[in-house]
Amino acid sequence: MVKCRPGILLSNLETNIKPKFEILQSIRCSESELSELIANNPTILTRGKSSIVHSLSVLKGLVGSGDEVGNLVRISGWFLSTNLVKTMVPNVEFLVGCGIPLEQIVRFMYTYPRFILKDPEMIRRSVEKADKMGVRRGLKIFFHAVRVVSSMSNKTWEKKLQAFRDLRFSEEDILRVFRQAPPVFSISPMKMKRIEKVVLATGKYDISCIINSPTALCRSIENWYKRRLQVLQILETKNLITDWPSFTTLRRMPEREFFRKFVAPYIDEVGLVYEKTVAVEGKKREAKCVSITQTEVAKSSGNLCI
């Protein structure tokens, strides 16, 4: 913190630093939370006491209570290190004017705090691009469209469009994806290519499956694709299934249902593979199959439904 803001060492502890900590404690931040907040956002200590008080007041006027202000600040200290009057306030007013309900904006402030603190001109340009892409302002998805656009420079945006073209998405397909599921545009080109490779390697699905179900690109490669595809490959190799589920069915199928249909009846054949893929990336937890009782496994045995 001192390395980032060495000027803090010149501040008077009693008259400058301590009063600011007292203000933050008033919104029910514990000592550990305060330490983390300041360590991540040392700029807070360089702001005047009146500026911090004003920011808290602005936030309270928006979210309605001191407790909620505390929750917001704990999520992102940027709310106290940024001039809200020049960023958040005009952005909220502009987005409301675009037809986005205030309740939706406030709700997403907890999930995407930095978005609402962006430069207002950038938000306006993002809205214009979302409009040009054909996203209707009255839809709930409009907020996400603007957010996704605002997260990328023009150069990055063009690279993302090219990544879709490389996957054989037509220009119409790209527009459809953005209008229906803009968060898909947050997926990196590298991940998109890896998913294409994993899916097509099965020989059961082609690129049209991904084009027709683009949200499938949001799925985890290790914890979703490889787990399910490995299970199905083993079952087919052992002649335990003859047909694979359609790609759309596979994408929409909840984890518990997949377990009941393709793992529980063949627990001896695929149980270990399923558990290992669930525990990938260092997650020291058992597979969801542990929650399935032995009775359920026995009941599912032999009842494969594709």
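**A close look at the aromatic cluster**

Tutor: Happy to! The protein chain has 18 helices and 0 strands; both are DSSP runs numbered from the N terminus, with helices (H or I) of at least four residues and strands (E) of at least two. This is a predicted model, in which local features need pLDDT of at least 70 and side-chain atom pairs count only at pLDDT 80 or more, while totals for chains, interfaces and linings use all residues. Residues are numbered from 1 along each chain as its sequence is written, and side-chain values use heavy atoms, with hydrogens and water left out.

First, the background. Of the 306 residues in the protein chain, 44% are buried, where buried means under 20% relative accessible area, exposed means over 50%, and partly exposed lies in between, using a 1.4 Å probe and protein chains only. Among contacts (heavy atoms within 4.5 Å) with a separation of 6 or more, 71% are between residues 24 or more positions apart.

Now to the rings. A pair of aromatic rings is described by the distance of the centres and the angle of the planes. Rings of Phe, Tyr and Trp (its six-membered ring) pair if their centres lie within 6.5 Å; planes under 30 degrees apart count as stacked, over 60 as edge-to-face and the rest as tilted. The structure holds 12 aromatic pairs. One of them is formed by tryptophan 157 and phenylalanine 178, an edge-to-face pair with 5.6 Å centre to centre and 85° between the planes. This pair links distant parts of the chain, as tryptophan 157 is in helix α10 (residues 154-166) and phenylalanine 178 is in helix α11 (residues 171-180), 21 residues apart. Tryptophan 157 and phenylalanine 178 are both buried. Phenylalanine 178 also pairs with phenylalanine 185: the ring centres are 5.1 Å apart and the planes are at 80°, so this pair is edge-to-face. Phenylalanine 178 has a relative accessible area of 0%, and phenylalanine 185 counts as buried at 0% relative accessibility. Together, Trp157, Phe164, Phe169, Phe178 and Phe185 form one aromatic cluster.

Rings also meet charges here. A charge sits over a ring if NZ of Lys or CZ of Arg is within 6 Å of the ring centre and within 35 degrees of the ring normal. The charged end of arginine 147 is 3.9 Å from the ring centre of tyrosine 112 and sits over that ring, and arginine 107 lies over the face of phenylalanine 108, 5.4 Å from the ring centre.

Next, a look at individual packing. Valine 92 belongs to helix α6 (residues 88-97) and is buried, with 9% relative accessibility. Leaving aside residues up to four places away in sequence, valine 92 touches Leu62, Leu102, Ile105 and Ile116. The C-alpha atoms of valine 92 and leucine 62 are 9.6 Å apart in space, although the two residues are 30 apart in sequence. Serine 213 lies in the loop between α13 (207-212) and α14, and counts as buried at 3% relative accessibility. Again leaving aside residues up to four places away in sequence, serine 213 touches Phe247, Thr248 and Arg251.
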